[in-house]
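Subject: Structure handover

Hello,

Here is the structure I promised to pass on. Please open it alongside this note; what I found follows below.

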Amino acid sequence: MRPIPVLVSTVATLLVSAFVLAVPAQGDLVRDGTHQDLCFVSTIDFDAVTAGLSADLAECEESPVIEFDHGSVSLPDPGESIILFIDAVEGAQSHTLEVARGLDGEVAASQDGEVNGSLAVKRLLRTEQLSLASEQGSEFVESGSFGVGGSVGTQSTTPTDGSNPAKCAMEPAPYSLLGVASYRTWTWYYLPAGQPSNLSQSNVINRISAAANTWINFQNSCAISVAPAYLYQSYAGTTGGSGGIAQDQNGKLSCSTKPNVSNVGWVNYGNISALAATCNWAPLGGNDISTTTFNSYYPWRDAASTSGCSGGYDYQAVATHELGHAFGLAHVADTSHQVMKVHPAGGYCDMTARKLGRGDIRGLRHIYGYRP
Ligand SMILES: [Zn+2]
């Protein structure tokens, strides 16, 4: 007879039981409609984000992550917003997920335009402004001052590079703004760790830089002559880590930890629909930090022209789209054939997104103007 181990075992069982009882299951947040004991959960369902959430979060030392159907976003600091763009391969859906907090800590979240949470913060959500911006977008038609030196400059409503005619048409030429973005100089680091072995590091850095210059210099398919934007870039070198985009055990992507700098790089996310992803960490009313990663599970190509490309996605074209997000633009309809269309890569070796369409120019020019 050895009673002491039995007693220890019983006490341990009681302690474990008490601990399990004290930790609510994640689903309870949805079922009972309350937010008690939020400090004990690591994730909160998008459906459970309500106007009362912020008061319950105020006491927590560590903030939970907001979990959407297609990804997750960590809770931003008061006065900030975090947006995750998941750009899908052909045939799959792209997604835009955002969490914003007002200065008083109130929370609102948006999933592909559906909004939950604080009404006050809802008005601050950058993705909430999309519908308004989309309506305004086509009204921002270039006037006589569109081109260099006050003249319209040479331009064509027919693409000069064989792109779809909608890309250069005067109407609708749509764009969608993420509110006011405020990069003056986009300083970025390269994450080479996951780079596909068929690519050269110097080529990748040059092509990402070229993708940024496409926006800065308004390089377009429509022969539109316009002075550069008040936007600059500065390449700052290579660095390690994931750039703040993580992947959970189910393969979903997450804007997890805000990095100190903007990053572009590669991660093998495996066989998920995300071809590339961008996270913007932004104070409300401006851009601050962005990270773009390409999913190296898929084949990527580095080609000077379509004749030199086969069997993979053109990363310069996809990078141009992702940097459009970094610089303050959201998606427009695929039928518009702009760089910021929902699915940037039509398929392997589609390079049309290396050059802007008319709506892309209007959008970026709306944010940054142009240098006289
Ligand atoms: Zn996108």
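Which residue is the bridge partner of V73 in β11? The partner is C255.

Before the rest, two points on the source. This is a predicted model: local features need pLDDT of at least 70, side-chain atom pairs count only at pLDDT 80 or more, and totals for chains, interfaces and linings use all residues. Residues are numbered from 1 along each chain as its sequence is written.

Overall make-up

The protein chain comes to eight helices and 16 strands. Helices (H or I, at least four residues) and strands (E, at least two) are DSSP runs, numbered from the N terminus. Buried residues make up 45% of the 372 residues in the chain. Buried means 20 or more other C-beta atoms within 10 Å of the residue's own; exposed means 12 or fewer; partly exposed is in between; C-beta atoms are placed from the backbone. Of the contacts in the protein chain with a separation of 6 or more, 64% are between residues 24 or more positions apart. A contact here is two C-beta atoms, placed from the backbone, within 7 Å.

The open sheet

Strand β3 (residues 71-74) and strand β11 (residues 253-255) pair in the parallel sense over three bridges. Two strands pair if DSSP finds at least two bridges between them. Both strands sit in an open sheet of five, ordered β1-β2-β3-β11-β10, with mixed pairing. Its edge strands are β1 (43-45) and β10 (245-247), each pairing on one side only. The twist averages 25 degrees from one strand to the next. Those angles use axes that are lines fitted to C-alpha atoms (for helices, over the stretch in contact), and they run from 0 to 180 degrees between N-to-C directions.

The parallel run around β12

Strand β12 (residues 262-267) is largely enclosed by the rest of the structure, because six of its six residues are buried. Both faces are covered: S262, V264 and W266 on one side, N263, G265 and V267 on the other. Four bridges join β12 to strand β8 (residues 185-191), and the two run parallel. Here Y190 stands opposite V264. Five bridges join β12 to strand β14 (residues 289-295), again parallel. There V267 stands opposite N295.

β8 also pairs with strand β9 (residues 232-238), in parallel, over five bridges. T185 stands opposite Y232 in that pair. β8, helix α6 (residues 201-216) and β9 make a right-handed β-α-β unit. Right-handed means that, with the strands pointing away from the viewer, the path from the first strand over the helix to the second runs clockwise.

The nonpolar core

The largest nonpolar core has 84 residues; I66, L84, A274 and V318 touch the most other members. Such a core is a set of buried Ala, Val, Leu, Ile, Met, Phe, Trp, Tyr and Cys residues joined through C-beta atoms within 7 Å. Strand β13 (residues 274-283) gives the most to this core, with seven residues. The core draws at least three residues from each of domain 1 (3-82 + 90-125) and domain 2 (128-368). Those bounds come from an automatic or database domain assignment.

What does L84 touch, not counting residues up to four places away in sequence? The list is G71, V73, L97, L253, C255, A277 and C279.

Helix α8

Helix α8 (residues 358-368) is mostly covered, with nine of its 11 residues buried. Among them are R358, D360, R362 and Y368. G369 follows α8 and has a positive phi, near 65 degrees.

Backbone points to check

Most residues other than glycine have a negative phi, and most peptide bonds are trans.

- The peptide bond from E171 to P172 is cis, with omega near 5 degrees. P172 is in the loop between α5 (130-137) and β8.
- D112 has a positive phi of about 50 degrees. It is in the loop between β6 (107-111) and β7 (114-117). D112 counts as partly exposed, with 15 C-beta neighbours inside 10 Å.
- F218 has a positive phi of about 55 degrees. It lies in the loop between α6 and β9. F218 is buried, with 21 other C-beta atoms within 10 Å.

Best wishes
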